[in-house]
Amino acid sequence: MDTLLLSRIQFASTTLFHFIFVPLSIGLVFLIAIMETMYVVKKKDVYKEMAKFWGHLFLINFAVGVVTGILQEFQFGMNWSNYSRFVGDVFGAPLAIEALLAFFMESTFIGLWIFGWDRLSKPIHLLSIWLVSIGTMISAFWILAANSFMQHPVGMVIRNGRAEMNDFFALIKNGQLWVEFPHTILGSFATGAFFIAGVSAFNLLKKRNLDFFKRSFNIAITIGVITGIGLALVGHEQAQYLVKTQPMKMAASEGLWQDAGERGDWTVTASIDEKNHKNTGEIKIPYLLNFLSYGKFTGNVKGMENIQKQYVEKYGEGNYIPPVKTTFWSFRIMTIAGGIMCLLGLYGAYLVWRKKVLVKTWFLRLMIPAIFLPFIGSSTGWIMTEIGRQPWTVFGYMQTADGVSPNVSAGSMLFALLSFSFMYAILAGVMVYLFVRVIKKGPAKPTVEELNSNDPFDGEDFHAFAE
Amino acid sequence: MLSLNELWFILVAILFIGFFFLEGFDFGVGMALRLLGHNDLERRLLINTIGPFWDANEVWLLTAGGATFAAFPNWYATMFSGFFIPLAVMLLALIGRGVAFEFRGKVSHSNWKNLWDWVIFFGSLLPPLLWGVAFSAILRGMPIDKSMNIHGSFTDYINVYTLIGGIAVTVLCLLHGLIFITLRTTGDVQTRARNFARKLIYFVGLFLVAFVVGTYLSTDIFARRGLLLTVIYAAVVIALVLAGLFMNKKRDGLAFTMTGIVIALAVGSLFIGLFPRVMISSISGANDLTIHNAASGPYSLKVMTIVSLTLLPFVLGYQIWSYYIFRKRVTEEHLEY
């Protein structure tokens, strides 16, 4: 195997693995901060127990997210040194700022939060968890600023044979960043929300710590439905932005070989023949593609063959069509996952409002596998984003094949790939094992429902289960 | 007037010094876990001495990496691709170590805890060893070609000089960690840590002297800045002797300050020896990477300067505050890990 392929595999696998933990961390800590806020405001111990219990799971997850993140920062230089030389002037800055602004904040205040329950005053302890939460979001912002630059390079000129920054604010104002960042953050909140909702549903079905898990479920589903709908809206914005900046990726994600024409049929499903540039067995919905691309029912979305011709003129000979099947299907899987999340969130919120969560056991049962939906959504979403940009690594300026380290042997890369994979497999196994243990063990002590309470999340009839 | 390239060279040096000073003692504590801790309670005690800090300490390395990438992309690219295998092993060590702190206490079974204790031990031993080897190799010069790429053979990485450098950094971190333990604990553990440190300090002195001699023989840095480096290494020796004396008098805070000074001076001396180069080519001086040909453009450096000088006071402020909050010695009643 050659070094390029090995490096591609390593980057794809380690990044996808890292991004299992990242959204869960961002989402969980946000929900935990809300729970602790409720504890400080309402002064009810159950919210403290909630912050602590979900905090246990968060910390296990956070640890894996942090350590797999170290590798991310190092492997640009290790595996992609030519890429690093080419973009460092622009791309390095957001990475350094991420470390300085976000990593220090997260790591210091998570220490204060874990060890500070008895040492800090309640407001300062609460502030600590909010600073961790804000830190995770700042971190996402800067790394996405870096990624957005790769998708839609702005704020730079080509000088001395490399990309040099000439407008820092253009990097921050990058339109790509402002669709990518909200989409990622909402997706992360949804990940945390569906995780807590699912684990709570499991315990509600087992009739354990009903008060504790009902409150957790209610908070989670509230966040879940808001973020689920927000995700769909922002996703729509993002698609419209994509048509403008990376039409090839859009066309590939739609399996659109020829221009779509005035009617703008949206392909629901198709069997794609990448060799002959043909689809068979297509199911189409008229006008929908125009709406998805432009927010209106008229237009003409360009097809891949047409764009390929343009790119050959602009960038020279070469194949500018990404792996179409992967892009097409990852886009569909992502939107389906998101759609189901919206429906579950809406119905769950309705049940919470009607105080019927505990009687709908089929729904609770459904919420357990639904834990995986946001993970599927974010993984396929990133696969579409990154694979769909190929052959480019920095769109229009550098191809992935030109970025790899020229001086690292295939043997070294194979060693790294195998040892990281081995390590990550162990981490995954241990994590699942510990998650199951912590969940089975449950919160520290069962809490007693206070009957006369003004809490809006209170009041559901606990005997409903027996009815 | 200091140029931005010089300023960023100094900032990268400070970040690496901060990393070795701070993470240095938690590497030391990690190694002491197997060497000093007799039972589970003692080991938990030791882990809790660094519990609230180690993660933030490690961020100094990440920031050093990020700053190198941003300010000197060619330095970052040459060093990280050139030291591919050592860095891969170091990453494995850091990954294992990071999760081990979190994982070990989650199951109360002795085999489980033993396993993660060993992961912490090697996870704390390998990074300082590998960084010591890597920095010595950088100082000695690596075969860097015209296109700034290292094509090293085994002996470029591993030789007597780099091994001495690696061991020197490792034992220095262990000493620093042991003294940190004396600062943060009481009773039996504290006494044993102090006794261990008082023996270890002779090894540290031995390896530091060997490293200086090796540096004199294997590198060109004394030829370039002989006087300044001689003064620095003399100060290193004095600080180390003082650390020993303070330990004898049980003045642990002052002893810790002294090992901190040793680390800061020793790491600082590497950067002083390098300057204005950042990577030395053993093939030809023309292939050296310097703070000019490895750097980002003036605009990028200016932006980075404004951003970091604005943020740094806050970062330092809350980190110092967190050390202040957890200033009390760790006792058995307050164990979170």
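## Helix packing in chain B

In this predicted model, helix α8 (residues 160–184) of chain B packs against helix α9 (residues 187–218) of chain B at an angle of about 155°, and their axes are 8 Å apart. Because angles over 145 degrees count as roughly antiparallel, α8(B) and α9(B) are roughly antiparallel to each other. The crossing in which α8(B) passes α9(B) is left-handed, and the residues of this contact comprise 23 nonpolar, five polar and one charged.

## The side of chain B that touches chain A

Between the two chains, 52 residues of chain B are in contact with 56 residues of chain A. On the chain B side, the elements that give two or more residues are α3 (54–71), α4 (73–82), α5 and α12 (298–325). Sorted by class, this side of chain B has 32 nonpolar, 16 polar and four charged residues.

One of these elements, α5 of chain B, covers residues 84–103, and its 20 residues should span 28 Å at 1.5 Å a residue, which agrees with the 28 Å between its end C-alpha atoms. Helix α5(B) is mostly covered, with 18 of its 20 residues buried.

## Helix α11 of chain A and the residue after it

A similar check of length can be made in chain A. For helix α11 (residues 324–353) of chain A, the 30 residues should span 44 Å at 1.5 Å a residue, and the end C-alpha atoms are 43 Å apart, which agrees. Just after α11(A), Lys355(A) takes a positive phi of about 55°.

## Backbone exceptions in loops

Most residues other than glycine have a negative phi, and most peptide bonds are trans. Against that background, Lys207(A), although not a glycine, has a positive phi of about 55°; Lys207(A) is placed in the loop between α6 (175–205) and α7 (210–245) of chain A, and with 11 other C-beta atoms within 10 Å it is exposed. In chain B, Met148(B) is likewise a residue other than glycine with a positive phi, near 70°, and its place is in the loop between α6 (110–140) and α7 (154–157) of that chain. Met148(B), however, counts as buried, because it has 22 C-beta neighbours inside 10 Å.

How values were computed:
Residues numbered from 1 in each chain as written. Chains lettered and ligands numbered in written order. Predicted model: local features only at pLDDT ≥ 70, side-chain atom pairs only at ≥ 80, totals over all residues. Axes fitted to C-alpha atoms, helices over the stretch in contact; angles between N-to-C directions. Helix = DSSP H or I, 4+ residues; strand = E, 2+ residues; numbered from the N terminus. Parallel < 35°, antiparallel > 145°, perpendicular 65-115°, else oblique. Left-handed = near helix turned anticlockwise from the far one by under 90°. Nonpolar A, V, L, I, M, F, W, Y, C, P; charged D, E, K, R; others polar. Expected span 1.5 Å × (residues − 1). Buried ≥ 20, exposed ≤ 12 C-beta atoms within 10 Å, placed from the backbone. Contact = placed C-beta atoms within 7 Å.
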